[in-house]
Amino acid sequence: MTERPSQDIDGKADGEQLAADFLPEGQANGTGARPSREEAEAAVQTLLRWAGDDPAREGLLDTPARVARAWEEFFSGYQTDPRALLERTFSETEGYDEMVLLRHVRFESHCEHHLAPIIGCAHVAYLPNHRVVGISKLARVVDAYARRLQIQEKMTVQIANTINEVLEPNGVAVVIEAAHQCMTTRGVHKPGVTMVTSCMLGQFRSSTATRREFLALVGNPQGGAQVHA
Ligand SMILES: [Zn+2]
């Protein structure tokens, strides 16, 4: 197995950037007020016409409404504050300070360049300092960032930085392996290709032994992860 994944991302995205990414429901974003559902559905009709089909034919009549509902699900991460997910912690841990690792967290995201699906899995670890969080919360943080328009590199750093800033652990490690449908179904058409990104903070960055232990527990992402796109 490779000691370090193919792409190591420098985990130094600033917290202000993270805060700016979070858009509460109904609030204006950078381009003005959020459009209405009717406007969103009209935009889908335009794309259907542009693709060469007739939005008025029976099979497509309900498609704009379905697409709008699907988008609510795909992009529900904008309505979630990932930091708030980590605020409830447990301090009665009998001094547990070894690695906590959540492996194979499957996620679905969309690339911000083509709106094509990114299907992958994340491995998330941290070294508790004094606070431990419910493990389902780590998976929810992954989803909160996955259900937005993304690039994999940014998502990897966002997950690591959020855990690092809220839990203040001794270290955070995030490895993501994903298949990008903008690469498998269009463009270079290379099915079977996955991308691996990682972000190591604190002891995972400074200690080779800690990083090695994490990567051994995760296994070789190329072989161990269940990635289907
Ligand atoms: Zn893309």
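Predicted model: local features only at pLDDT ≥ 70, side-chain atom pairs only at ≥ 80, totals over all residues.
Reader: OK, how many residues does helix H2 have?
Author: H2 covers residues 37-51, so to speak 15 residues, and reaches 21 Å from its first C-alpha to its last, close to the 21 Å expected at 1.5 Å a residue. Helices here are DSSP runs of H or I with at least four residues, strands are E runs with at least two, and both are numbered from the N terminus. The expected span is 1.5 Å times one less than the number of residues.

Reader: What follows H2?
Author: Gly52, with a positive phi near 110°.

Reader: And how do H2 and H3 cross?
Author: Their axes come within 8 Å and cross at roughly 120°, with H3 being residues 63-74. Axes are lines fitted to C-alpha atoms, for helices over the stretch in contact, and angles run from 0 to 180 degrees between N-to-C directions.

Reader: Which residues meet there?
Author: Among them are Arg37, Ala40 and Glu41 in H2, and Thr63 and Pro64 in H3. Contact means C-beta atoms, placed from the backbone, within 7 Å. By class, this contact of H2 with H3 has seven nonpolar, two polar and two charged residues. Ala, Val, Leu, Ile, Met, Phe, Trp, Tyr, Cys and Pro count as nonpolar, Asp, Glu, Lys and Arg as charged, and the others, Gly among them, as polar.

Reader: Switching to strands: which way do S3 and S4 run?
Author: Antiparallel, with nine bridges joining S3 (residues 100-111) to S4 (residues 117-127). Strands pair if DSSP finds at least two bridges between them. Leu101 stands opposite Ala125 in S4.

Reader: What's between those two strands?
Author: Five residues, as S3 and S4 form a hairpin, and Leu115 in the turn has a positive phi of about 60°.

Reader: How many bridges join S3 to S6?
Author: Two, and S3 runs parallel to S6 (residues 149-150). Cys111 stands opposite Gln150 in S6.

Key: Residues numbered from 1 in each chain as written. Contact = placed C-beta atoms within 7 Å.
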